[in-house]
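Here is a short note for a first look at this entry. Please read it with the structure open.

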Amino acid sequence: MLVELIPTLMEKQKQNGGYLGEKEILDTACDCNLSVSKVIGIASFYEFFNLKKAGMQTHIERIYEKKTKGNILDFKREDAKKANEIAKEIDVLTLIEKSGLCGRSGSGFPTAKKWEIVRNENEMEKYVVCNADEGEPGTGKDRIILEEVPYSVICGMHICAQIIGAKKGFIYLRGEYEDLKEKIEKTIEEFKSDGFEIIIRLGQGAYICGEETALIESLENKRGEPRLKPPFPGNKGYLGKPTVINNVETFANVPLIVTEHKSYEKTRLFTVCGDVMEPGVYEEKSGISLEQLLIRAGGMENHSKPYAIQIGGGSGNIVSGKFLDLKLSEEETKKINIRIGTGSVYFISDKEKLIKTILERLSFYVKESCGTCVPCRSGLSQLRMLVMKIEEKDFDNDDINKITELIGYIEDNSRCPMARAAVAPLKSVIKNFPEVVGL
Ligand code: SF4
């Protein structure tokens, strides 16, 4: 009964007024046929399980409002139903490939290629997973999609299941978004088909579960620790079977591509935040410039020019505010080694705020490191202390050299992409803002 461990803990915590006492742990261990230490090990990994009497914890930053709508947020429920039918008659994979759709969560991997790998696996059992564990600092677009057009996501999952031959799928929903669960369940029911079922699993407050293999471990009721890759989930994913795992926005694009394939126009949801007048989620054409996006968001709070801009989420690179004419498309950003990632764009008004942002990001990753490997666990804490010295203007060249060495050590010796993501903003500041580090 290992499969039921996390839902059992959730239920017991709920029944016990918000925490897991000795009795709940013991009962769960018996119910699931596991040792008490195994149950405690898993419960203590997740922030939402309380082993002491305490209130519900949350690390949600803020909930963003939708500001502008485009093809994705305007898509109609009836069109999603049509897309499901049309997809049975046409070569969807070729359409998706031609559309150039890439993952909208971080790595930007081509969607058609990912699906093709799983389709070509010679296994009877395959899975579709929607990663709705939106925990990246400065990102709130997946929540808006699930609020506005949940049917597009469900439809995208059904089409994926048809193509790869999956009978079961999961939506791994961020724990803080529990209020959306009922609405999504109703939509799942509405789109139900005989051959494919979708189950919602609530995350339990561990940021690392946004990483695809950690998410799969969590689905399997284990601590959400990333797996070594290869093998990749496309070959060995959930329960060791081929699994497509895509982000909410990626799935939401699929019915659009199917119904509008000739006129399909790529849009993206950008979460615009930082020192701007109107932070929020803006759906805009792919290729919009940073300057246009800033204008949409009402400009900078102090009516000045931005000093720095972080692109792609809390782990994105930070570029000079002079890059306002940069066009936000995969092709253009790739030229300067930047990923659009989650589509978050964070405008920073001055040098002090830039250092503060770097410290906040590092503190976040120190807290969210799963602790499996030393370079990530201890290296990030050391980096944070060195950046605090920069903030206090009490640093010298030795400190900057130590920062550079530590970044290299963490990048080369950590097990999963989170550690590399955690150091990316600081690395880009050293490169792009020599004045901040006194070089
Ligand atoms: S790099 Fe960090 S988050 Fe990734 S496995 Fe190692 S300790 Fe965990």
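Which domains does the domain assignment of the chain give?

1. The assignment, automatic or from a database, gives domain 1 (2-45), domain 2 (66-259) and domain 3 (267-432). Residues are numbered from 1 along each chain as its sequence is written. The model is predicted: local features need pLDDT of at least 70, side-chain atom pairs count only at pLDDT 80 or more, and totals for chains, interfaces and linings use all residues.

2. The centres of domain 1 and domain 2, taken over C-alpha atoms, lie 28 Å apart. Domain 1 brings 11 residues to the contact and domain 2 brings 13 residues (heavy atoms within 4.5 Å).

3. Around the ligand are 13 residues (a heavy atom within 4 Å). Cys370, Thr372, Cys373, Cys376 and Cys416 come nearest.

Key. Side-chain values use heavy atoms; hydrogens and water are left out.
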